[in-house]
Amino acid sequence: MKVTQLRSLTLAATLLLAAPLTWAQPAEEGSPVSDMESTIADQRDVAVTVYNNDRALVRDQREIDMSAGEVALQFSDVAEQIRPETVSLRSLNDPGRLFILEQNYEYDLMSPQKLMEKYVGKEVRLINKHDDYDFYEQPARLLSMNNGPVYEIDGDIYLDHPGTVVLPEIPEELIARPSLIWLLDNQGGAHEVEVTYLTGGMSWKADYVLSLNREETLMDVTGWVTLNNQSGVTYQNAELKLVAGDINIVRERPQMRAMGRDIAMAEAAPPPSMEQEAFADFHLYTLPRRTTIRQNQTKQVNLLNAAQVAVEKVYEYHGSRHFFFQRMPDIPSERASVFLTFENREENQMGMPLPGGIMRVYQEDRSGALQFAGEDRIQHTPRNEEVRLRLGNAFDVVVERKQTEYDIIAQNVHESSFEIVVRNHKDTDITVDVIEQMTNDWQIRNSSHEYEQRDAFTAVFPIAVPADGEATLTYTVR
């Protein structure tokens, strides 16, 4: 198959992501062109940088022994979801002697349907079984492939003939796999080239396992990166980098993709954590070893390991702003919310910028076995910031609210008094933060407990509640 005869989609002349080669003037018409193909066998290195928005940057380095003069280079084994407008090619060893004349992307892949469509109006052969050991051959002309094949055989028209179709050759317009095609002017010899492009179909996410001790004071943290490759190609022994952050992307129409089925789990023993560095306004994570990322594969690699991280369990009860402008009925038996907080600091055994993901908390029971205790999603969290996880509602911490007084003092001036009873059925003392959401201008007229004005609209009352006991908060607000 002549590469120069393939139909193609010409790429945009503006190349992204890497410095482009010099574009040369076309050679004189009639000059001989050498056809060459580069496959995965020529690959010397590949690096993949995956972003958490369904795309990846691929850097594919290959050694290609090119002949001098014009060369039509078919660069095979690229991602099926490649974005052609982002492709760049450069020579690493002799950039001043390799020039691009044309750049194309071929994607008209062969399939039984397309092969048959290319032979509409042409002669084919039909192989039929005569008996258990004998076959016979019939020439036929394929008339149509509209809702099934239609043949003409000896002047008769056959619909869905049972014979096996044999084609004389593969049409030149079809190729076996997606390929980049360059028409190059090579003024040197062999080149080590690097092809860079963006592809869709690759994504990653972070997941964390938090093992909390029974005293709820310390935990161990293991972070995992789950990588999904649906790009259409396997990356052998690749250097893997991950970028975390909200990179601006011009959105295009989504493409449907089949889900992968293979899952490659990491080893049981914790491997070295990923190395991280600041990159522009984002963070870059590098796997300290090479890995193979197979097509239709979900792979997990270790992100971080931390032990003896100090944590704090927090109980909260949240009021509502509309409580203060009307008469309210009693609100019985609400549950306090449970939160787990910790500092992402080096002195707390942490300190790595944490990519956004789901943190799942497991806690020891009396036998020492870990049981699932809740989960929450975190956003990208820089170092030296607090991580706050909502685990659910406390079974044994009940809150009741009663409005004891309500007066309209003047136009747009309201005064309410509340009694909030917190009952603790646990066998340990706890503190419940009663968080009242105010609005407009407000003033606490009197209160049975101290409070903190967290911001212009929030008052927080820390209520200490003994084990298997209760505490009552009363206050008036205008």
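Me: Which strand gives the most to the lining of the largest pocket, and what makes this space a pocket and not a cavity?

Reply: In this predicted model, strand S27 gives the most to that lining, with 7 residues. The space is called a pocket because it is an open set of points, whereas a cavity is a set from which a 1.4 Å probe cannot get out. About 740 Å³ of space lies in the largest pocket. Of its 28 lining residues, Glu216, Lys313, Tyr315, Gln363 and Lys426 are the closest to the centre. The elements that give two or more residues to the lining are S23 (312-318), S25 (357-364), S26 (370-378) and S27 (386-410).

Me: How are the residues of the lining of the largest pocket divided by class?

Reply: The lining of the largest pocket holds 12 charged, 10 nonpolar and 6 polar residues.

Me: Why is Arg360 called partly exposed?

Reply: Arg360 has a relative accessible area of 24%. Buried means under 20% and exposed means over 50%, so a value in between is called partly exposed. Arg360 is therefore partly exposed. This residue lies in strand S25.

Me: How many cavities of 30 Å³ or more does a search of the whole structure find, and what lines the largest cavity?

Reply: The search finds 2 such cavities. About 60 Å³ of space lies in the largest cavity, and its lining residues include Ile40, Asp77, Tyr197 and Val233. Strands S3 (43-51), S4 (55-64) and S17 (235-244) each give two or more residues to this lining. The largest share, 3 residues, comes from S4. By class, the lining has 6 nonpolar, 3 polar and 3 charged residues.

Me: What makes the phi of Asn237 and that of Asn296 worth a remark?

Reply: Most residues other than glycine have a negative phi. Asn237 has a positive phi of about 50° although it is not a glycine, and the phi of Asn296 is near 60°, also a positive value. Asn237 is placed in strand S17, while Asn296 is placed in the loop between strand S21 (291-293) and strand S22 (297-310).

Me: Are Asn237 and Asn296 buried, partly exposed or exposed?

Reply: The relative accessibility of Asn237 is 46%, and that of Asn296 is 31%.

Me: How do you know that the charged end of Arg388 sits over the ring of Phe339?

Reply: The charged end of Arg388 is 4.0 Å from the centre of the Phe339 ring. A charge sits over a ring if it is within 6 Å of the ring centre and within 35 degrees of the ring normal, so the distance part can be checked directly. The charged end of Arg335 likewise sits over the ring of Phe395, at 5.9 Å from its centre.

Me: Which residues form one aromatic cluster, and how many aromatic pairs does the structure hold?

Reply: Phe324, Phe418, Tyr451, Phe461 and Tyr475 form one aromatic cluster. The structure holds 6 aromatic pairs.

Me: Why are strands S31 and S32 said to pair?

Reply: Two strands pair if at least two bridges are found between them, so a count that reaches two is enough. S31 (residues 452-455) and S32 (residues 458-465) have 3 bridges, in the antiparallel sense. In S32, Val460 is the bridge partner of Glu452. A hairpin of 2 residues joins S31 to S32.

Key: Residues numbered from 1 in each chain as written. Predicted model: local features only at pLDDT ≥ 70, side-chain atom pairs only at ≥ 80, totals over all residues. Heavy atoms only, no water. Helix = DSSP H or I, 4+ residues; strand = E, 2+ residues; numbered from the N terminus. 1 Å grid on protein atoms, 1.4 Å probe; cavity = no way out; pocket = protein on both sides within 12 Å on 5 of 7 lines; lining within 4 Å. Points joined across faces, edges and corners; volume = space filled by probe spheres on them. Nonpolar A, V, L, I, M, F, W, Y, C, P; charged D, E, K, R; others polar. Phe/Tyr/Trp six-rings, centres within 6.5 Å; stacked < 30°, edge-to-face > 60°. Buried < 20%, exposed > 50% of the residue type's maximum accessible area, 1.4 Å probe, protein only.
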